[in-house]
Amino acid sequence: MIKNPFDLNVIANQTKGMKAAQAAGQVALTSAQEIAQLNQRAAQELSSRMQAKVAELMKTQDPKSVFDSVHAEVLQDAAKEVAEYQSQLFQAFASGNKELAKIAETMIKESQHDLIHFVNEATQNSPAGAEPYTSIFKTSFNNALQNFDQIRAAMTDSFSNFEKSMEHMNQFSAGQKDGSAQKPKKK
């Protein structure tokens with residue numbers, strides 16, 4: 001009895017695909033939850049600061065001192081808060097990016113392994129006299145493996161570039177935050 005070379009444990013492969021999709025979905029969900037928590041925290045902090053500032057400003061009798069206070073303090077504090085929020089947001093994106101890169105790398109390796117298994121099974125069970133065809137098939141397979149390597153390299157570059165962009169934006173935000181904290185307040 002000859003084995004069927006096209007039977008690749010379809011259910012096992014579908015399960016792997018489902019698990020990879022589930023892992024990617026979990027990463028997206030976790031990132032979305034983290035971003036939602038950041039947004040909620042930022043909104044709560046902004047609301048409480050605004051209430052405190054409004055209460056403080058209501059006590060002030062001199063309009064010029066109100067303007068000076070708003071201009072010097074509130075705007076600088078707001079700039080620092082925005083920079084801090086951006087920094088936390090970039091960290092959440094970078095974390096999710098790393099997880100997705102790991103998942104994609106695993107999926108590519110598993111697909112490559114499955115393809116190797118498929119070719120080995122197909123060529124081992126080929127009938128006598130089919131050597132020229134199996135040679136062409138193996139050449140095509142080797143080209144496919146090279147494509148896998150190119151896809152993996154492009155994916156790695158893409159994730160790396162995204163991470164570098166996040167780091168640069170985070171450094172820029174940190175520079176903005178430090179710059180606004182170091183500026184002297186006008187009186």
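1. The protein chain has three helices and zero strands, and read along the sequence its pattern is α-α-α. Helices here are DSSP runs of H or I with at least four residues, strands are E runs of at least two, and both are numbered from the N terminus. The model is predicted, so that local features need pLDDT of at least 70 and side-chain atom pairs count only at pLDDT 80 or more, whereas totals for chains, interfaces and linings use all residues. Residues are numbered from 1 along each chain as its sequence is written, and side-chain values use heavy atoms, with hydrogens and water left out.

2. Of the 187 residues in the protein chain, 21% are buried, where buried means under 20% relative accessible area, exposed over 50%, and partly exposed in between, with a 1.4 Å probe and protein chains only. Among contacts with a separation of 6 or more, 83% are between residues 24 or more positions apart, a contact being heavy atoms within 4.5 Å.

3. One of its members, V119, is in contact with F137, K138 and F141 once neighbours within four places in sequence are left aside.

4. E105 lies in helix α2 and counts as buried because its relative accessibility is 18%.

5. Because E99 and K102 are three residues apart in helix α2, about one helical turn separates them. E99 counts as partly exposed at 35% relative accessibility, whereas K102, at 52%, counts as exposed.

6. E110, in helix α2, is partly exposed with a relative accessible area of 30%, and its C-alpha atom is 9.6 Å from that of G17, although E110 and G17 are 93 residues apart along the chain. S160, in helix α3, is partly exposed at 29%, and S160 and K98, 62 residues apart in sequence, are 9.0 Å apart from C-alpha to C-alpha.

7. The largest pocket has a volume of about 410 Å³. Of the 16 residues that line the largest pocket, L46, R49, D77, A78 and E81 are the closest to its centre, and the elements giving two or more residues to the lining are α1 (10–59) and α2 (63–124). A pocket is an open set of points on a 1 Å grid over the protein atoms alone, where a 1.4 Å probe fits and protein lies on both sides within 12 Å along at least five of seven lines, and lining residues have an atom within 4 Å of a point. The volume is the space filled by probe spheres set on the points, which are joined across faces, edges and corners.

8. By class, the lining of the largest pocket has eight nonpolar, one polar and seven charged residues. Ala, Val, Leu, Ile, Met, Phe, Trp, Tyr, Cys and Pro count as nonpolar, Asp, Glu, Lys and Arg as charged, and the others, Gly among them, as polar.
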